[in-house]
Amino acid sequence: MRPGASNEVVYASPYVPPEWVAAHGFEPRRVLLEGSGGSGAAMGRCRFAQAFAEHADASGAAAALFATSCDQMRRASSLVVEDCPTFLLNVPATWQSATARDYYRAELLRLGDFLVDLGGTVPADGRLTETITRYDASRRVLREAGTLAKGSAFAKALTAFHRDGKPPVLDGAVPRGNGVPIAFLGGSLLAGNSAVFELVEANHGEVVLDATTTGERSLPAPIAPQSAKDDPLEALVHAYFDHIPDAFRRPNTRLYEWFTRECADRGVRGIVFIYQSWCDIWRAEIPRMDEILDMPLLALSPAGSEGMDGRITTRIQAFLETLQ
Amino acid sequence: MKAAPARISLSAWEARYATLQAAGPHAATYDGPLGRHLVEGDHRLATLAFDNSVAALRLWNFLLTEEERLREARAAGKKLVGAMKDLGTVPVLAYAAPNVVAFYPDGAWWIPCIMEMSAGLLAVADRLGIDDSFCPVRAVLGAFETEAHFPIPDLLTCSVGATCDDFSVIAQRLESRGRHILWWEIPHRRTPRPAEDAVELADGVHVPQVQLELVQAELTRVRDAVSELAGITLDDALLAEGIRVANHVRRLLNTLRHAVFSAAFCPLPALELLIAEMLALHYCSDRAETIAVLEELQVEVDRRIAEGVGISPADTARVFWVNPVADLRAMNLLEDCGARLCGTDFMFCHALDELDETVPPLEALARAALADPMAGTSDSRALRVCRDARRWKAEAVVVSRIPGASHCATEGGRICETVETELGLPAIEIEVPPLCDGLEPALRTRLEALVETVMERRCQ
């Protein structure tokens, strides 16, 4: 490990299992990023990808993990200019062949080798199982709490869980009210984007489903204790690769199946679709969502960390007025 | 009837064609005056400058009659494969079946340029929610919706993974409109670990064996689908023959490129060279004719070199060009500004590398797919640009950004930096939209400044 680096390994992709990183002796940190202040957007660069590259440079982390789930993030790994070691995890876009699945598994093993080279340890017998079990228990608590808490509180709890993997604390969180049930959908959010949750709630909306990449859509499937014991790596592949629906998968039918089902279960009446500037992968889904989902959709591309400007506020107010 | 090499207008070609006809008709069945394509809607031809050789006329006519060939192939009972994104791999496989014709629907990205927006393809893409923040290849959506520019393929394939986001989402949008797609994975090409089994690709890059095996398995799925479509078994013998023919085409192109890039006087304009290179992708839907077209071009180029003549003066600035241009006019503009092509990477240089005939055919194709510059890092692409620019003594590099394309947000800058660091050459980025008329003064200024920089460096 480079001198002065922390024991943290930072990442942004939901396809990086933190259990795998932790079992190798590092502290996984899935980061909620501030928006990039650089000139990337003017170049056509995704704000999130640019922000993660900048974060990797400045974080002092032991390593930064990128993933190939979009071209922008894939190429952003080359933007890291300081001496922070980077690892690019190949996450196949296809999922209907055993080859693609096997490749993801092989990539996790390669990630493990990278972490060992970095000074980590090969997980001893039982360590991976124990780590999986611990994370899975935290996620179970998180999911249960998420059914009761306000969307903004749940988003904060998710962020905290991604940051340290510990069971979320939702004591004192304001319980969910009776506002118009809203689903959030889209790619990864930046820190400043969380204000959209509060704006919705302040205007008589209730976020009952956070299907952004930083939200509950990107949580892996629950892992049965026996699976974690029998073949823990296979359990991770199943929970992450087989389960997490995303816009970049080809075909991405599972995203629509999952989202339609969740919306129906939760009585969603409107969708707030959030995407970052120059995020082709998510932006291209807006017209399909409009075609497939028979409910109002508001597409927003909020600025990064500058908070909500009048443009966003007015649109959310108008959207919720329409639904009331 | 030989004339001094020159770039001439469409109207000048009309007059020249009449003279040529008086001397006897050309053998190619698609022969005819270029002006007929203008009448059919290819309005951009009126603003382009063309090489004045008979070989170039044949090249243009061959290119502009592809739709007719595809419709004839279907009428003759052949099966059509629409290969998307991989640029140069799936067609080699598909053409190995005698009753299959493969083409790239991606090529529709030039329709807004060629037809000067009159086809309305981008407007259709707009209506489908894929607006001009995406790459102009979104014209593909319009072409499928209107069904007016090529017959709808019997089988659609699309490589995905380490590809640009724009094409990936456009293909997904296409599938959402009811076009079934066989997706196959092309992983991000990475450097092998020190003790890892690896293979060397044609361009000298090494890839891990595990990645080669993945792509080979994916291409096996594609082969099986083509076999089923064709009603025959695409065995190794057929595939090997397909590879042999592909290599013949690639050798012809490489000989042509080397001759053009290294001649004292530029013997073939940039625009015609771009089109000739495109023939490597899917043979413009006729393998045999592609070979004939390229052979005739080579004869013309050899003649010009032997006679010491070309389309520009000997001291013209030597430029390496990166990325295809959405507006073909930009290639004319390069020469209008006093430069010539001395090296290209139109995003499919892997389709010009010869396939390895000493390994099993599917492995050879997998190696070729992994050599795609888009599958690797921007830095590895930059290094190949440097290698080829050095080989052909380029004096400057132009990186042509594709509007909205995800890869262009990062790679252009990396390539320019690498060129400046590794070669000490000036490099610029320009952006070329489907019709660049409105930007032409700015583009011209930048290209002229680059040429002036080259000339100044010569004096130093």
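Predicted model: local features only at pLDDT ≥ 70, side-chain atom pairs only at ≥ 80, totals over all residues.
Residues are numbered from 1 along each chain as its sequence is written, chains are lettered from A in the order in which they are written, and side-chain values use heavy atoms, with hydrogens and water left out.

Let's stay with that opening pair. The side chains of B:Asp327 and B:Arg44 form a salt bridge, 2.7 Å from N to O; the term stands for a side-chain nitrogen of Lys or Arg within 4 Å of a carboxyl oxygen of Asp or Glu. Helices (H or I, at least four residues) and strands (E, at least two) are DSSP runs, numbered from the N terminus. Over all chains, the count comes to 61 salt bridges.

Now look at where the chains meet. Chain A brings 37 residues to the contact and chain B brings 45, contact being heavy atoms within 4.5 Å. Together the two chains bury about 3400 Å², with 51% of it on carbon and sulfur atoms; this buried area is the accessible area (1.4 Å probe) that two parts lose on being put together, summed over both. A:Arg75, A:Arg250 and A:Asp280 supply 19% of the area that chain A buries against chain B, more than any other three residues.

Which charged side chains reach across? Six salt bridges are found across the interface of chain A and chain B. One links A:Glu291 with B:Arg173, whose closest N and O atoms are 2.6 Å apart. In another, A:Glu107 meets B:Arg190 at 3.9 Å, N to O. That pair runs from helix 4 of chain A to the loop between strand 6 (182–186) and strand 7 (198–200) of chain B, and both A:Glu107 and B:Arg190 are buried. Finally, A:Asp71, A:Arg74, A:Arg75, B:Asp345, B:Arg381 and B:Glu411 are joined in a network of salt bridges.

Notes:
Buried < 20%, exposed > 50% of the residue type's maximum accessible area, 1.4 Å probe, protein only.
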